[in-house]
Amino acid sequence: MISIFVSLPIMLILSVIQTVAVSRVTLMGGSADLILLATVSWGVSEEDSSVFVWALVGGIFISLISAMPSAAVITSYLVIAGITRVIQIGLWQAPILVILLSSFIGTIVKFIIDVIALQFMGIELNLYTSIKTTLAPNLILNLFILFPVYLIMSDLAKRISPKEEYESK
Amino acid sequence: MKSISPRTLRNVVAVLFIVGLILLSLGGVLRPFLGIIMGPFVTAQRWISERFMAVYDFFTLPRDVTELLQRNAQLENEVSHLQSQVIQSQEQLREAEVLYSLLDFARSRPQDQYIAAAVIGKDPSPFLHYVIIDHGSDDGVQYGMPVVTQQGLVGRVAAVTASASRIQLITDPESIVNVRLQNQNEDAQVEGSITGDITLGMVSQNITLNSGDILLTSGLGGNYPTDILVGQIVIVEKKENELFQTASIQPVIDFTALRAVLVITNFKTINIQPLIPIPVQ
């Protein structure tokens with residue numbers, strides 16, 4: 001329950017950092033996605049469905065800032081949360097593999113949802129160019145900051161609900 | 001005759017002996033003898049002195065080092081404080097330069113009224129090209145207002161909240177700006193794209209485009225004021241089988257380094273949509 005309330009300030013801070021700093025650090029046309037990485041990291045750290053609440057909160061904050069349609073933004077983060085849960089259930093013994101796979105697949109899924117949303121908006125785009133200038137740099141930049149974000153989020157998860165420590169004692 | 005007492009005699013002898021020793025010492029006769037006697041004393045004194053000074057240093061030197069360390073830390077703090085002040089001053093100077101140049105631009109166009117705003121963020125989507133500014137409806141910013149810098153056209157206000165606004169840049173794929181070629185007085189359109197490149201379109205094949213040609217806003221469509229610099233032609237693409245020729249445009253503004261902008265507040269955008277005839281099915 002606490003984790004749900006904590007998601008509000010954390011996702012708000014991450015949204016601000018995303019807008020102010022991370023979005024400005026671009027490689028070709030792509031940039032890292034802090035909200036995606038935070039959602040994935042939370043899903044791996046906390047093995048429950050609170051990840052969907054984090055995805056929803058992050059999606060709402062980003063949709064308030066971004067010109068992308070709100071439905072597309074929120075849907076993409078919820079789908080990423082679902083992917084993380086599915087992979088996490090299947091590979092629960094290998095959290096590093098889960099976080100790598102989830103962020104990789106999540107970035108691709110978000111790209112696909114964004115492209116579909118742009119088609120609905122009537123914006124033409126060259127798919128090959130978009131993959132080269134947006135998706136590939138996104139994947140690389142997400143990989144760069146994935147582990148620092150995961151460390152922070154897993155530490156936060158342990159502080160909020162230290163169940164693993166009780167189990168080990 | 002009074003006889004000299006043995007005690008007096010002994011004293012006199014002792015005095016004479018001492019005086020004799022002093023005279024002999026002054027004369028240098030006793031130096032080898034004194035050297036033999038004083039040598040062990042000097043050695044012992046040196047040994048004791050060295051040990052004493054070591055002990056003295058042991059108790060006093062660490063205090064000095066601590067003081068030095070404290071002083072060093074204090075100076076380092078001062079240096080870092082001064083460095084941060086220098087960085088702050090440089091930042092303020094840069095902002096002041098930007099604001100001065102914006103002010104110069106505003107003075108050069110006295111017919112317009114402006115609100116200066118700082119760019120505080122960028123749209124998280126890599127596909128869309130929007131920035132966030134720190135002025136909103138509370139400051140008089142309204143939807144559709146044109147946004148410029150001292151260099152040229154930035155875009156227009158696309159969304160407004162009480163304290164912030166979202167600006168659609170001319171590089172956004174949904175942006176279309178009506179422009180005219182400065183030298184040829186020919187109307188055309190500049191369109192943005194996903195990659196952030198802008199392209200000149202709707203130019204008749206009869207017109208000769210040259211790289212370096214300047215593009216200004218034409219005012220057609222009622223979205224932007226006239227005669228604001230947009231960019232210049234870089235590469236012309238002319239295909240014989242197409243109705244219009246196109247050209248790649250170099251915008252006058254470096255959108256990655258956009259720090260402050262001017263919102264033109266007295267420009268009323270005109271919605272011409274109702275005037276466009278609907279094609280009969």
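Two strands pair if DSSP finds at least two bridges between them. The model discussed here is predicted.

**Domains of chain B**

- The domain assignment divides chain B into domain 1, spanning 10–108, and domain 2, spanning 113–266.
- A distance of 69 Å separates the C-alpha centres of domain 1 and domain 2 of chain B.
- Contact between these domains of chain B involves seven residues of domain 1 and seven residues of domain 2.
- On the side of domain 1 of chain B that touches domain 2 of chain B, five residues are nonpolar, one is polar and one is charged.

**The barrel in chain B**

- In chain B, six strands close into a barrel, and their order is 6-7-8-11-10-9.
- The pairing in this barrel of chain B is antiparallel, and the twist from one strand to the next averages 40°.
- Strand 6 (residues 176–181) and strand 7 of chain B are antiparallel and share five bridges; within this pair, V177(B) has V190(B) of strand 7 as its bridge partner.
- A hairpin is formed by strand 6 and strand 7 of chain B, with five residues between them. In its turn, N185(B) has a positive phi of about 55°.
- Strand 7 (residues 187–191) of chain B is also joined to strand 8 (residues 198–204) of chain B, by three bridges in the antiparallel sense. Here E191(B) has T199(B) of strand 8 as its bridge partner.
- Strand 6 of chain B pairs with strand 9 (residues 214–217) of chain B as well, running antiparallel over three bridges. R180(B) and L216(B) stand opposite each other in this pairing.

- Strand 12 (residues 260–264) of chain B is mostly covered, with four of its five residues buried.
- Strand 12 of chain B also pairs with strand 3 (residues 146–148) of chain B, through two bridges in the antiparallel sense. V148(B) has L262(B) of strand 12 as its bridge partner.
- Strand 1 (residues 114–122) of chain B is joined to strand 2 of chain B by three bridges, and the two run antiparallel. K122(B) lies opposite V131(B) of strand 2.
- Four bridges connect strand 2 of chain B with strand 5 (residues 165–169) of chain B, again in the antiparallel sense. Among the residues of this pairing, I132(B) has R166(B) of strand 5 as its bridge partner.
- From strand 2 (residues 130–133) of chain B, Y130(B) and I132(B) point one way, while V131(B) and I133(B) point the other way. All four of these residues are buried.

**Contact between chain B and chain A**

- Chain B contributes 18 residues to the contact, and chain A contributes 22 residues.
- Strand 1 and strand 2 of chain B each supply at least two residues of the side of chain B that touches chain A. Strand 1 of chain B gives the largest share of that side, three residues.
- The side of chain B that touches chain A comprises ten nonpolar, four polar and four charged residues.

**Helix packing in chain A**

- Two packed helices are described by the angle between their axes and the distance between the axes.
- For helix 2 (residues 34–45) and helix 5 (residues 95–121) of chain A, the angle is about 145° and the axes are 10 Å apart.
- Helix 2 and helix 5 of chain A cross in the right-handed sense.
- The residues in this contact include L36(A), L37(A) and V40(A) from helix 2 of chain A, and V98(A), I99(A) and S102(A) from helix 5 of chain A.
- The contact of helix 2 with helix 5 of chain A holds seven nonpolar, six polar and one charged residues.

- A72(A) belongs to helix 4 (residues 70–90) of chain A.
- A72(A) counts as buried because 22 other C-beta atoms lie within 10 Å, where the cut-off is 20 or more.
- Leaving aside residues up to four places away in sequence, A72(A) touches I113(A), D114(A) and A117(A).
- A72(A) and V53(A) are 19 residues apart along the chain, and their C-alpha atoms are separated by 16 Å.

Methods. Residues are numbered from 1 along each chain as its sequence is written. Chains are lettered from A and ligands numbered from 1 in the order in which they are written. This is a predicted model: local features need pLDDT of at least 70, side-chain atom pairs count only at pLDDT 80 or more; totals for chains, interfaces and linings use all residues. Axes are lines fitted to C-alpha atoms, for helices over the stretch in contact, and angles run from 0 to 180 degrees between N-to-C directions. A crossing is left-handed if the near helix is turned anticlockwise from the far one by less than a right angle, and right-handed if clockwise. Two residues are in contact if their C-beta atoms, placed from the backbone, lie within 7 Å. Ala, Val, Leu, Ile, Met, Phe, Trp, Tyr, Cys and Pro count as nonpolar, Asp, Glu, Lys and Arg as charged, and the others, Gly among them, as polar. A residue is buried if 20 or more other C-beta atoms lie within 10 Å of its own, exposed if 12 or fewer, and partly exposed in between; C-beta atoms are placed from the backbone. Domain bounds come from an automatic or database domain assignment.
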